[in-house]
Structure formats: C-alpha cells, structure tokens
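Subject: Structure handover

Hello,

Here is the structure for your files. Please open it alongside these notes.

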Amino acid sequence: MPTTEVDHALMGGALALARRGLGNVWPNPAVGCVLVKNGAVIGRGVTRKGGRPHAEAVALDQAGAAARGATAYVTLEPCAHLSERGPRCVDRLIEARIHRVVVAMVDPDPRTAGGGISRLETARVQVSVGCREAEAREVNAGFLHRLATGRPLVTLKLATSLDGRIALANGESKWITGPAARSRGHLLRSQNDAIAVGAATARRDDPELTCRLPGLEGRSPVRAVLASRIEPLLKLRMLASARQVPLWIMTAEQPLAHVREWAEKAGAKILPCAADARGRPDLKSALTVLGAQGITRLLVEGGGEVAASLLKADLVDRLAWFRAPQVIGGDGTAGIAALGLADLAAAHRFQRVSAETCGADSLEMYSRVPE
C-alpha cells in the first residue's frame, strides 16, 4: 500500500521518538512508534533503557483498547522472534487488532528479517514499507553496523584549534573550546552507548567521561579504557565511580591476581582482547569485543595517538570535529598524530554532513566516503 504525505509526517514523529533512545537502548535498536486513530494520536512509544519494553509495546499499553482499528507508525519492522524478555511485537499488534502498520525499514536482524511483515500480512493487517527509510537507517546506523561487521559504529570526537591542535607545546589544553561546545559534547556522549579513551589520556587528564547535562546525568555511556597495563589505572576517578557508571578496561595484559581483584572489587569490568605488535590492545579486536557486549555506537575521545591508530586501521566511521576560532601553531600538540602517508591518494576521506554553531565555536559532522 503506498504512503501519503500524512504518513510521512506521522512517521517523522516516530523517528523523533526513536532518536530519544540513542545511547540508552543497546544492544537493541532505537525504535519509535506512534499509534493514530481517526486523525488523533492515541499512543506513543520509544524502546526503553536496556532494550525492553519495545516501542510498540509502550505505545499499545498507552492506547489500551482504543488501539483497535488504529494505524501504527514504526521506525523498524516489529520483531517476530521469541524472547525471554517479552512477547513478540508483531503478535501484540495483531492481538490489539491494529488495522494498518507503516514500517520505515525491514529489520536486518536474521531472527526477524521480513518475518514480522509476513506475520502481519498473514493476519490481514495492511502493511506499508519504506516510509522515510533513509532517516530510519541513519537513526539505527550503529545497530546496522554491528549486525554487518560485529563492531560498533565509531565516531571520533576532536576538539581543536583552527589549525588542528589540542594543546600548547607546554601541554596546556583547558579550555580550547568554550562552554557551549563542551555542553554539546556532553549531549554527544549521551547519544552513544560507550565512550573510549586510551590509557595515556586517562592517566594524563583523569577524566570522568560522564554526561553532566542537567536532566541527562543518568544517560552517561559505558566508559572503556584501552590499556596495556591495568595497575596504573587503579587511582583514576573513573574507578571510584565504576559502580555508578560502568567502567570497562580493554586490555591484552594478563593482570596479576591482586590487580584484577582490586579493579573488579571497585566495580570495573576487565575485557581481554588481542595484543598488537607493541603489546597494546589491538583496536579491531577491542571493537569486536565491544560489539560482542552489545555496544552499537562508540564515541572515541582519546588523544592524537589513538585517533591516528584508528584512522590507520580504517576504523573511523564518523568525525565529530569541534573547532575553536584560534590558532596555536605547529609547536602545539596535533589532534591527530602522524599517519605516515606516502601519497595524497592514501589520505582518509570524509564528507561533511552537517555544521552547527556552538557559541563562539563550531561543530562539523563528517561520515567516511564509501570506497
């Protein structure tokens, strides 16, 4: 059944709801659902924290008996696979006697992958697929990336001067960007499942890596530290709050028993991964481990060495580049360390997808250019 302008507008509402779930619903996708009957919205839902209940269940519970004969606008095909965590959404829609379901995109998860649409059609529910699909795919780019590669979608965040510097030659770096840009950075944190830094950055800056925006304090992502050794991290502020905000230490080291015990007693989770040639965590291995834990969207705020290592390994999917209107000069610390490129054709290429003003600073978002 073809979609209309009204369908597109109402799907826009479902997409707005889905975006609210970003960073909060992993390992599940962020889904929004709007129920409409006789031109009025009777139920709204977004997948809840941790992935359950699903958006459709939330909206149906809100609508109650009024859902009979309604149209459901859902940003992802309703799930059709059995789960111990709750009933199949497609069954709930059928039992509620929903008249029509407008779906933005088919769920690529092989457990559903068209099965939800098939069950609806078998139950004689009208189904329309593809309404604002490109936007739905963007909302769940992390979920789709993990399904396709086993790794989370990686966004490298940089906060630099106009000439790409993150600190003066003497190490001074607070603050290159202003309060508005820093607040925007905290919002970015809240929209990702996890945030990663290298051990050197963790030791030097001793950051909390939490979201400190009013009202979003509970949306802090998992904090992941890439470390060759665990013991130097045991005095970090992050460890002191590991029971409130998860701290995962990614390491190739086999830590001494008392070091592991100390870290785990504080609440940290130690995740082993393969080592690279220098004994540090291999980045592909670390990302695969994070993907296996359910992480779909990873924000990297590490220093120049981590940024360069990710680029060299071709593991950066997006850039979030904050720029301050100042010039530091070539003796400052580069936001991205040396890449050792032999020719310009080998340069990593990105396309700008958005730009916004953050006080005196700016934020540009880039995505990698497909090969």
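The sulfur of C79 sits 3.7 Å from the closest cysteine sulfur, in C89, which is too far for a bond. The cut-off for a disulfide is a pair of cysteine sulfur atoms within 2.5 Å. C79 is buried, at 4% relative accessible area. (Buried means under 20% relative accessible area, exposed over 50%, partly exposed in between, with a 1.4 Å probe and protein chains only.)

C131 is buried too, at 1% relative accessibility. Its closest cysteine sulfur, in C33, is 13 Å away, too far for a bond. A search of the whole structure finds zero disulfides.

On provenance: this is a predicted model, where local features need pLDDT of at least 70, side-chain atom pairs count only at pLDDT 80 or more, and totals for chains, interfaces and linings use all residues. Residues are numbered from 1 along each chain as its sequence is written, and side-chain values use heavy atoms, without hydrogens and water.

Now the sheet. Nine strands form an open sheet with mixed pairing, in the order β11-β10-β9-β8-β12-β6-β13-β16-β15. β11 (269-272) and β15 (350-358) are the edges; each has a single partner strand, so one side of each lacks a neighbour in the sheet. Strands are DSSP runs of E, at least two residues, and helices are runs of H or I, at least four, numbered from the N terminus. Two strands pair if DSSP finds at least two bridges between them.

β15 and β16 (residues 361-368) run antiparallel, joined by eight bridges. A355 stands opposite E364 in β16.

Best wishes
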